[in-house]
Amino acid sequence: MNSDPRHIRISDYNYSLPDERIAKFPVAQRDHSKLLVYRKGEVSQDVFYNLPNYLPKGALMVFNNTKVIQARMHFHKDTGALIEVFLLEPALPSDYELIFQTSKYCSWYCLVGNLKKWKDGTLHRTIDVKGQQIEVSCTRGPIHGTSHCIDFEWTGGVSFAEIIDAMGELPIPPYLNRETQESDKTTYQTVYSKIKGSVAAPTAGLHFTPEVLAAIDAHGIEREELTLHVGAGTFKPVKSEEIEGHEMHTEYFSVHRNTLRSIILHDGYAIAVGTTSVRTLESLYYMGIKIMRNTKITLEELHVSQWEPYQEHSDEVNGKVAHPIDALAAIIFWMDVNGLEVLNSSTQIIIAPGYNYHIVKMLVTNFHQPQSTLLLLVSAFVKGDWHKIYDYALENDFRFLSYGDSSLLIP
């Protein structure tokens, strides 16, 4: 049973982060970043390319293979006013894969910059796609939460993926306080990124190189991938005094049947690369429990809501705490019944102190912002010992946030 964290005060998860400790750019060679190793309460440091030496042979490592899209688009009004349209998630079609293939029109939920200057009407822009002049227009639709539904139309029969590649800008994190540069197109993607959809990189993965991945394989560690598209909400600060007042963002993920089978073959446990992999893996556990309780459950009902893991008996089936193997096997059974090879679902899970991890046994992650939900997730993982880790990192010149150094956490 997880204890309810709603009354945690976010001010207890603050620390002083000087601006000069926020890495504005990555190190020249990805795998030459520093690695903090936290093992059962002891902290040491190494270089990232030595990561495989700390991992147990025969273990399973899970990576998030999402690819960051050029989500930031700019349009000028006839008056000259600059309007920024920031793609958040697909509206129509709502499927990521399909929306990038559309060739005439589509709709996205977007954040709009300089909104007060765009009261109504349609914005236009002409762009060059492989030597072809393409007319792109966007029209503002209804409000959707904190975003707007924006309709895009374009000529030329090219795909929406080609449109954003031609006119979009890679959205680097706001705290870098700089313009996106050409180099970010490479450095702000993981070397194994494949599936377009994120508006922020799963930054723990930025340290991996083909050489490190080969060394992981050589150590007899298996690798699996899942896809969770990182939303802009990942940067959303906790504004409420207690975390009960913070609404977690929903993120969409895909997991293949073979990945679930692979986790089962590793006793239901995995080493997670990044907090996005953590949120997916731990959400799967609760989805499995829902299926164990009701095999006729719909896909919509599988969504994991924010506080679900903290409800009484949330991890029990017939009075017993469910083992990860049984929860994952239930998902595979449900997928077989529904003729699915891939589970496409969503999660709003918040992982905070009081949460008991079920599938994730080790975590590779960067250093996160003060008073953030990601810091809460780390604290839950190391049973409140985050101060020791962050004090060490600050005292030993570690670089922080997206382009910063990395840590391996072994509780």
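Which residue just after H5 takes a positive phi? Asp267 does, at about 65°. The legends below describe close-up views of a predicted model.

**View 1**
Helix H5 spans residues 257–265, and its buried residues are Arg257, Thr259, Leu260, Ser262, Ile263 and Ile264. Asp267, with its positive phi of about 65°, comes just after the helix.

**View 2. The crossing of helices H6 and H7.**
The axes of H6 and H7 are 8 Å apart, and the two helices pack at an angle of about 65°. H6 is therefore roughly perpendicular to H7. Their crossing is left-handed. On the H6 side, the contact is made by Leu284, Tyr285, Met287, Gly288, Ile289, Ile291 and Met292. H7 contributes Pro324, Asp326, Ala327, Leu328, Ala330, Ile331 and Trp334.

**View 3. Helix H8, a mostly covered helix.**
Of the 9 residues in H8 (residues 373–381), 9 are buried. They are Thr373, Leu374, Leu375, Leu376, Leu377, Val378, Ser379, Ala380 and Phe381. The packing partners of these buried residues are H6, strand E18 (360–366), H9 and strand E19 (406–410). Just after H8, Lys383 has a positive phi of about 50°.

**View 4. Aromatic pairs.**
The count of aromatic pairs in the model comes to 26. In one of them, Tyr15 and Trp386 lie 6.2 Å apart, centre to centre, with 55° between the planes, and the pair is tilted. This pair links distant parts of the chain: Tyr15 belongs to the segment before strand E1 (34–39), while Trp386 is in helix H9 (residues 386–395), 371 residues apart. Both Tyr15 and Trp386 are buried. In another pair, Tyr192 and Phe208, the ring centres are 6.4 Å apart and the planes stand at 70°, so this pair is edge-to-face. Tyr192 is in the loop between helix H3 (184–187) and strand E11 (195–198), and Phe208 is in the loop between E11 and helix H4 (210–218), so the pair ties together parts 16 residues apart in sequence. Tyr192 counts as buried because its relative accessibility is 7%, under the 20% cut-off. Phe208, at 0% relative accessibility, also counts as buried.

**View 5. An aromatic cluster, and charges over rings.**
Ring pairs join Tyr13, Tyr15, Phe367, Trp386, Tyr390, Tyr392, Phe398 and Phe400 into a cluster. Over the ring of Phe398 sits the charged end of Lys34, 4.8 Å from the ring centre. In a further such arrangement, the charged end of Arg178 sits over the ring of Phe25, 3.8 Å from its centre.

**View 6. Pro202 in the loop between E11 and H4.**
Pro202 counts as buried, with a relative accessibility of 10%. Leaving aside residues up to four places away in sequence, Pro202 touches Asn64, Thr66, Thr190, Val230 and Thr276. Pro202 and Ser402 are 200 residues apart in sequence, yet 8.5 Å apart in space, C-alpha to C-alpha.

Technical notes
Residues numbered from 1 in each chain as written. Predicted model: local features only at pLDDT ≥ 70, side-chain atom pairs only at ≥ 80, totals over all residues. Heavy atoms only, no water. Phe/Tyr/Trp six-rings, centres within 6.5 Å; stacked < 30°, edge-to-face > 60°. Helix = DSSP H or I, 4+ residues; strand = E, 2+ residues; numbered from the N terminus. Buried < 20%, exposed > 50% of the residue type's maximum accessible area, 1.4 Å probe, protein only. Lys NZ or Arg CZ within 6 Å of the ring centre and 35° of its normal. Axes fitted to C-alpha atoms, helices over the stretch in contact; angles between N-to-C directions. Parallel < 35°, antiparallel > 145°, perpendicular 65-115°, else oblique. Left-handed = near helix turned anticlockwise from the far one by under 90°. Contact = heavy atoms within 4.5 Å.
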